[in-house]
Amino acid sequence: MSEEHAEVVRSAEELRVQRVRVPSERVRIRKEVVSEVRTVQVPVRVERLVVEREPLDAAGDGAQGDEPAGAAPVEPLVIVLHEEVPVVSVRVEPTEVVRVGVRQVRGEEAVRAELRTEHVEVVTEPVAEHTRS
């Protein structure tokens, strides 16, 4: 008695996941200058001329004896008045260091795929008997 046999190769899809590094975003770093107007109140001093007058009495108090009455002074009296004025200067000073770097953050991402598998079904049927003639 010899044995007969048949073979069928069954296959199944297998999920294989790889990681590929791809660019995701481009970042440009730039500085811009923003101007603003500032108003600062600065206290200043100004010299003002003050004129004080005193009446002369009949006894001649307060009169200068060197000059004759009604004569003009020899040299004019000069007084220089001063005032404070704000002087504005602008200086650039470093205020902050901004560091930009790249950091890798680990995480997980779910990958979903539909896989197909072959199934083998064996069906047996009765064989009709052959009649011998």
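The legends below describe an overview and several close-up views of one predicted model.

In this model, local features need pLDDT of at least 70 and side-chain atom pairs count only at pLDDT 80 or more, while totals for chains, interfaces and linings use all residues. Residues are numbered from 1 along each chain as its sequence is written, and side-chain values use heavy atoms, with hydrogens and water left out.

**View 1. Overview of the protein.** The protein has zero helices and zero strands, where helices (H or I, at least four residues) and strands (E, at least two) are DSSP runs numbered from the N terminus. Of its 133 residues, 0% are buried; buried means under 20% relative accessible area, exposed over 50%, and partly exposed in between (1.4 Å probe, protein chains only). The accessible surface comes to about 16,800 Å², and carbon and sulfur atoms account for 49% of that surface. Accessible areas come from the Shrake-Rupley method with a 1.4 Å probe; for residues, only the protein chains shown count as cover. Among contacts (heavy atoms within 4.5 Å) between residues at least 6 apart in sequence, 94% join residues at least 24 apart.

**View 2. The nonpolar surface patch.** L49, V51, L77, I79 and L81 make a nonpolar patch of about 560 Å². Patches are made of residues with over 30% relative accessible area and no salt bridge; like charges are joined within 9 Å, and nonpolar side chains (Val, Leu, Ile, Met, Phe, Trp, Tyr) within 5 Å. L81, one of the patch residues, has a relative accessible area of 45% and is therefore partly exposed.

View 3. Side chains of opposite charge can pair when their charged atoms come close. A salt bridge is a side-chain nitrogen of Lys or Arg within 4 Å of a carboxyl oxygen of Asp or Glu, and the whole structure holds six of them. Here E14 and R16 meet with an N to O distance of 3.1 Å. E14 is exposed at 59% relative accessibility, and R16 is exposed at 71%.

**View 4. The salt bridge of R45 and E84.** The closest N and O atoms of R45 and E84 are 3.2 Å apart. R45 is exposed, with a relative accessible area of 62%, whereas E84 counts as partly exposed at 35%.

**View 5. The salt bridge of R91 and E93.** R91 and E93 form a salt bridge in which the closest N and O atoms lie 2.6 Å apart. R91 counts as exposed at 67% relative accessibility, while E93 is partly exposed at 46%.
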